[in-house]
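Look at the sequence and the structure first, then try each task before you read its solution.

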Amino acid sequence: DYGDGGGVAVLGRGSAVVLVNTRVANNTAARLGGGLSCLCDGCRLLVVGARLANNSAQAAGGGLLAAGEGLDATLTAVQLVGNVAAGPSAAGGGLAVHGGHHVTLESVVASENAASGFGGGAAIVRGTGPVGLVRCTFERNEASPQGPAAAARGPEAGGAAPGERRRRLRQAMGAALPIFRGTLLQAPEGIAAGNATGDDALYPGGGALYASSRGTITLRGTT
């Protein structure tokens, strides 16, 4: 037991992992992937029509963590709501992808997720190939060293009232979208208001999205 995958844990090499119309909610991982952890070299991860809500992890990927050399990860029509990456400098409140060779997010909605380090909505880190976001929405996510408390979680988890959550998020309002190492082909029309970031003196926030890859990073129709 490595403390990964509070709801679902996948370990392997060269496999295909497919989740369709799946709900993963209210799970906790001591390390990675509160809802789903996929640690798999050379694997293909496909998640379609899923909802990952109110999951938590200490290190990375409150909702979902995918990592592996040569990993191909595709998320389509996925909802990431009220997930938390809570440990010191934790990454990816809704989603964390590490070392992916090809990462595609299409029609993904990340709302009211939080990370104590960077990438409140999503963190895509140390990619080796192209990263694409198409028609995705990021709203009311937070990356703050002050800690992702219940105030940053979604309505299914209770916590503070929506108005109070928004007030606390706005207190730390900052850069929503740090992107590094890749080339931004098409800038987003604008990341939705209400994403917030603080400063942990290690990584530069990314209340909505933090992305770094050797490949091209493309955003199209993403708000």
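Contact means heavy atoms within 4.5 Å. This is a predicted model, in which local features need pLDDT of at least 70 and side-chain atom pairs count only at pLDDT 80 or more, while totals for chains, interfaces and linings use all residues. Residues are numbered from 1 along each chain as its sequence is written, and side-chain values use heavy atoms, with hydrogens and water left out.

**Exercise 1. The surroundings of V17**

Task: Find the strand that holds V17, and list the contacts of V17 beyond its neighbours within four places in sequence.

Solution: 
- Step 1: V17 sits in strand β2 (residues 16-20). Helices (H or I, at least four residues) and strands (E, at least two) are DSSP runs, numbered from the N terminus.
- Step 2: Once neighbours within four places in sequence are set aside, V17 touches V10, C38, R44, L45 and L46.
- Step 3: Pick out C38 in that list. V17 and C38 are 21 residues apart along the chain, and 8.3 Å separates their C-alpha atoms.
- Step 4: V17 counts as buried because its relative accessibility is 9%. Buried means under 20% relative accessible area, exposed over 50%, and partly exposed in between (1.4 Å probe, protein chains only).

**Exercise 2. Cysteines**

Solution: 
- Step 1: Start with the rule: a disulfide is a pair of cysteine sulfur atoms within 2.5 Å.
- Step 2: The structure holds 1 disulfide.
- Step 3: C40 and C43 are both buried. C38 is buried too, with 0% relative accessibility, and C136 counts as buried at 0%.

**Exercise 3. Salt bridges**

Task: How many salt bridges are there, and which parts of the chain does the pair D41 and R13 tie together?

Solution: 
- Step 1: Side chains of opposite charge can pair when their charged atoms come close. A salt bridge is a side-chain nitrogen of Lys or Arg within 4 Å of a carboxyl oxygen of Asp or Glu.
- Step 2: By this rule there are 4 salt bridges.
- Step 3: One of them joins D41 to R13, with the closest N and O atoms 3.5 Å apart. D41 lies in strand β5 (residues 36-41) and R13 in strand β1 (residues 8-13), so the pair ties together parts that are 28 residues apart in sequence. D41 is partly exposed at 27%, whereas R13 is exposed at 65%.
- Step 4: R135 and E106 also form a salt bridge, at 2.6 Å from N to O. Here R135 belongs to the loop between β16 (131-134) and β17 (137-139) and E106 to strand β12 (residues 95-106), so parts 29 residues apart in sequence are tied together. R135 is partly exposed at 47%, and E106 is partly exposed at 27%.
- Step 5: Next come R140 and E112, whose closest N and O atoms are 3.0 Å apart. R140 is in the loop between β17 and β18 (142-143) and E112 in the loop between β13 (109-111) and β14 (114-115), so this pair ties together parts that are 28 residues apart in sequence. R140 is partly exposed at 23%, while E112 is buried at 5%.

**Exercise 4. A sheet**

Task: Give the order of the strands in the open sheet, and name its edge strands.

Solution: 
- Step 1: Two strands pair if DSSP finds at least two bridges between them.
- Step 2: The order of the 5 strands is β3-β7-β10-β13-β17, with parallel pairing.
- Step 3: β3 (23-25) and β17 are the edge strands, each pairing on one side only.
- Step 4: Look at one pair: β13 and β17 run parallel and are joined by 3 bridges. V109 stands opposite T137 in β17.

**Exercise 5. The whole chain**

Task: What share of the residues is buried, and how many helices and strands does the chain have?

Solution: 
- Step 1: Of the 223 residues, 54% count as buried.
- Step 2: The secondary structure comes to 1 helix and 22 strands.
- Step 3: Among contacts between residues at least 6 apart in sequence, 84% join residues at least 24 apart.
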